[in-house]
Amino acid sequence: MSTIKSAPPAALPLRFATPIGGVAGTSFKPEHLPAILEAKNRRGFFEVHAENYMGAGGPPHRALEAIRRDHPLSLHGVCMSIGGPRPLDKAHLARFRSLVARYQPALVSEHLAWSTHETSFFNDLLPLPYTAATLACVCDHIDQVQEATRRPLLLENPSTYLAFRESSMRETEFIRAVAERTGCGLLLDVNNVFISATNHGYSALDYLADFPLSRVEEIHLAGHAEQADDEGDLLLIDSHDGPVTDAVWKLYEIVIRRRGPVPTLIEWDSKIPDWPVLQAEAAAAQAILDRHHSAVPAGERHAA
Amino acid sequence: MPPEPGLCFAASFAPALLDPARSTPELVTGPNGKAADRRYDVYRNNVTVSLIDALAAIYPAVQRITGTDFFRAMARFHVRSNPPTSPLLFEYGRDFPEFIEAYEHAQDMPWLADVARLERAWLDAYHAADAAPLSPARLSAVTPEHLADLVFIPHPAARCLRSDYAAVTIFAANRDNAPVMRIDASTPEDALITRGEFDVAVRRLPPGGAVFARHLLSGRPLGEAAAAALEAASEFDIAANIAGLIEAGAFTSLCCGDPS
């Protein structure tokens, strides 16, 4: 029979599988691979969308192996439908588990959202009502993911454009309950906080004050776009197609001052710039992380 | 099994996402009594545009040939009638070539569906499992009396497609942005698609080559494959074709017929 050429899980070096601290990273885009490999000893980490690496073999795995050899990795799931009412897709969960085992990421995350209903996959992070029933369902799904991967999952707060009439809890209240019941960690997307606060007319600072910061193990920063709602008021769109805005940088620094440095990712998924532009965004986040290097992490205060 | 009470939101939220004739679902609202139509439209737009983008990423040559506006209009129909069933977008669009074949505005491009089939095969080869290709030395080591019974194990990425049109030439000319010369679309062409460690390669097969490759890729013995190829094209060159297939990485291994 043929020899399988791809490296088996154990053959990969397992460096950087442990917590990585206050480091800034970027989305990994294959077009940046040559530039990334050229720069030696770069500080930072890379995040990939898990689904892009769920093919059997080929160039995507060659690229990810090359990246993983010298950098910590964050595996970010986009399609698990943790927030959906249907049972999790067992085949998808198995693929997710194999990726975690193969690439030993430092961070593993998914979204508080859903994207599949019945047989259709909608390729978008769709919103859910915050009720006792959805809370039980989300917790059950997270339990299954954590059982499969044998490690805590980081759950990301969504950006939303509308609300459900039936919601009976605030988003922060819902997320706090999920974290307490399942023991999962949180991925705080500061851009999403800013977008949702604008779109729903509440204060981003109030949201952050109510958010269980001590459970935050990763932060996302990204750019957004502007549209208008039915009344002509500003409606922000989570577009990931440009630089982080000044308002989001300010919120980020407030979060880091209170939480202490945690791995921070610059997300840039469309209209992708040249590598130096993306790297400069990460450097800006790193400067803020370094400035608060001595801050006592909120989590450690609680643990003490 | 219907979802439990309190978990019906997805069933109410989802149907209008890909159906512009449906109105905004009743269960959603803007803040402080604001309307939710344009807000819900953000989700409709995200879903539709991202799935059209997914088809454009899988079928770049088709898009270059038709132009962006034509392609996106055609893809929009397809996305609405055949949304993906897998969360893996690189699996999407398997039925797009048949859709193109039946699409009324593409009837004057009868070769377009075959170009799409080549692009779909290209992506399948790209994501196929890794395997070391067969070394040419393995064939040299086989004694002549065993040649006719040889059976080849196909590489997971290897595929062979046949077209009544010049689909390979049209595909190759439109996968990048180089200027396209005039192509006589009426010449039938056959393609071999393979992948080494990194790059997918699409080769045009000589007369008889596709019959030969298809026999071998489906596990028929070399003697039978050669006879079928010679029947299809009397000028068929067995030695050149088997060497070409091995060099392209179409196989991973070989064994001497009779599996018992």
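Guide: Okay, let's start with Arg195(B): its bridge partner is Val200(B), which sits in strand 5 of chain B. Keep in mind that you're looking at a predicted model. Strand 4 of chain B covers residues 189–195, and five bridges join strand 4 to strand 5 of chain B, with the two strands running antiparallel.

Zoom out again and you'll find an open sheet of three strands in chain B, in the order 3-4-5, with antiparallel pairing. At the edges stand strand 3 (159–163) and strand 5 (200–204) of chain B; each has a single partner strand, so one side of each has no neighbour in the sheet. From one strand to the next, the twist averages 20°.

What lies across this sheet's strand 3 and strand 4? That's helix 9 of chain B, residues 209–217, and it runs at about 145° to strand 3 of chain B.

Along its principal axes, the C-alpha trace of chain B spans about 85 × 50 × 30 Å. The radius of gyration of chain B is 24 Å, while a compact globule of 260 residues would come out near 18 Å.

Chain B also has a strand that pairs with the other chain. Strand 1 of chain B, residues 28–29, is joined to strand 8 of chain A by two bridges, and these strands run antiparallel. Look for Val28(B) in strand 1 of chain B: it stands opposite Phe164(A).

That pairing brings us to where the chains touch. Here 48 residues of chain A are in contact with 51 residues of chain B. On the chain A side, the elements that each supply at least two residues include helix 2 (59–70), helix 4 (132–149) and strand 8 (163–164). Strand 6 of chain A gives the most, with six residues. If you sort the chain A side by type, you get 21 nonpolar, 18 polar and nine charged residues.

One last stop, inside chain A: helix 6 (residues 190–200) and helix 8 (residues 246–259) pack at an angle of about 120°, with their axes 9 Å apart. Helix 6 and helix 8 of chain A are therefore oblique to each other. Among the residues that meet there are Phe194(A) from helix 6 and Leu251(A) from helix 8. The residues of this contact divide into eight nonpolar, one polar and no charged.

Key
Residues numbered from 1 in each chain as written. Chains lettered and ligands numbered in written order. Predicted model: local features only at pLDDT ≥ 70, side-chain atom pairs only at ≥ 80, totals over all residues. Axes fitted to C-alpha atoms, helices over the stretch in contact; angles between N-to-C directions. Helix = DSSP H or I, 4+ residues; strand = E, 2+ residues; numbered from the N terminus. Parallel < 35°, antiparallel > 145°, perpendicular 65-115°, else oblique. Contact = placed C-beta atoms within 7 Å. Nonpolar A, V, L, I, M, F, W, Y, C, P; charged D, E, K, R; others polar. Pairing = 2+ DSSP bridges. Rg over C-alpha atoms; globule rule 2.2 N^0.38 Å.
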